[in-house]
Amino acid sequence: MFDAQMDAVYSAMKVLGYGDVEIMVAETGWPSLGDPNQVGVNLENAATYNGNLLKHISSGKGTPLMPNRRFQTYLFSLFNENLKPGSTAERNFGLFRPDFTPVYDIGILKQSAGGSPTPAVPSGKKWCVPKPDATDEALQSNINYVCSTGVDCKPIQPGGACYNPNTIRSHASYAMNAYYQTSGRHDFNCDFANTGVLATSDPSK
């Protein structure tokens, strides 16, 4: 798809007499989270597209009509934009969350062994809960962030199944775990700026 789009632009420019003009990709990417009606928008596809894109543009192979070339390419985007209006996907193009924790790795993190993207990999039974020393202010921020990403927060709204006990810590426990369970179950999905911790026992029981 990337090569086809690049060659389509090149062909059009060549017809107009601008075949010698360098082509730069100002924006390309794939969202890791979207609304239910947005087909193909998920963590695995985002990691696959961006990971393969990185390997492709770094290889110098070019495209069928422009072989042996590298193109200056800007990935959209580095960070999720949790305050951006619009669909859920519009807020989830980033490689990192606003708190600097990674959404997924396309081979650029220090601990990466190679250039292979790392999609969601389910783990054993774990739950994400607030750390005992996490402040209510920090936990409320976690709730606000999680609910802005498209995670269903209706259960902790008034009348919801998990509204009681009506405390910030209880609501944060639900929100943080819901995010962890739906975002890939990586350990870093429970970091929340060092206010979350993984537990091996179900906190709801």
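Mentor: Between domain 1 and domain 2 the count of salt bridges is zero; a salt bridge here is a side-chain nitrogen of Lys or Arg within 4 Å of a carboxyl oxygen of Asp or Glu. The model is predicted, so local features need pLDDT of at least 70 and side-chain atom pairs count only at pLDDT 80 or more, while totals for chains, interfaces and linings use all residues. Residues are numbered from 1 along each chain as its sequence is written, and side-chain values use heavy atoms, with hydrogens and water left out.

By the salt-bridge rule, the count comes to three. In general, side chains of opposite charge can pair when their charged atoms come close.

One of the salt bridges joins the side chains of glutamate 22 and arginine 69, at 3.4 Å from N to O. Glutamate 22 lies in the loop between helix H1 (2–15) and strand E1 (25–28), and arginine 69 in the loop between H2 and E2, so this pair ties together parts that are 47 residues apart in sequence. Helices (H or I, at least four residues) and strands (E, at least two) are DSSP runs, numbered from the N terminus. Glutamate 22 is exposed, with a relative accessible area of 60%, whereas arginine 69 is partly exposed at 24%. The classes are buried, under 20% relative accessible area; exposed, over 50%; and partly exposed, in between (1.4 Å probe, protein chains only).

Glu81, Lys84 and Glu90 are linked in a network of salt bridges. Glutamate 81 pairs with lysine 84, the closest N and O atoms being 3.6 Å apart, and the side chains of glutamate 90 and lysine 84 meet at 3.0 Å, N to O. Lysine 84 is partly exposed, with a relative accessible area of 25%. Glutamate 81 is partly exposed at 32%, and glutamate 90 is partly exposed at 32%.

Threonine 63 sits in the loop between helix H2 (43–59) and strand E2 (73–75). At 4% relative accessibility, threonine 63 counts as buried. Its side chain makes a polar contact of 2.5 Å with the side chain of aspartate 7. A polar contact is a pair of N or O atoms within 3.5 Å; within protein, one must be able to donate a hydrogen and the other to accept it, and residues adjacent in sequence count only if both atoms are side-chain atoms. Leaving aside neighbours within four places in sequence, threonine 63 is in contact (heavy atoms within 4.5 Å) with Asp3, Met6, Asp7 and Phe71.

Now for the domain boundary. Domain 1 covers 1–96 and domain 2 covers 127–199, with bounds from an automatic or database domain assignment. Their centres, taken over C-alpha atoms, are 32 Å apart. Seven residues of domain 1 are in contact with six residues of domain 2, and one residue pair between the domains is in polar contact, both at pLDDT 80 or more. The area buried between them is about 460 Å², with carbon and sulfur atoms giving 49%; buried area is the accessible area (1.4 Å probe) that two parts lose on being put together, summed over both. On the domain 1 side, Leu33, Leu43 and Asn82 lose the most area to domain 2, together 62% of what that side buries.

A nonpolar core is a set of buried Ala, Val, Leu, Ile, Met, Phe, Trp, Tyr and Cys residues joined through side-chain atoms within 4.5 Å. The largest has 17 residues, and Cys128, Val146, Met176, Tyr179 and Phe192 have the most contacts inside it. Helix H3 (136–148) and helix H4 (168–182) each supply at least two of its residues, and H4 gives the largest share of this core, six residues. A second, separate core of 10 residues includes Phe2, Val25, Leu53 and Phe71.

Overall, the protein has four helices and four strands, in the pattern α-β-α-β-β-α-α-β along the sequence. Buried residues make up 38% of its 205 residues.
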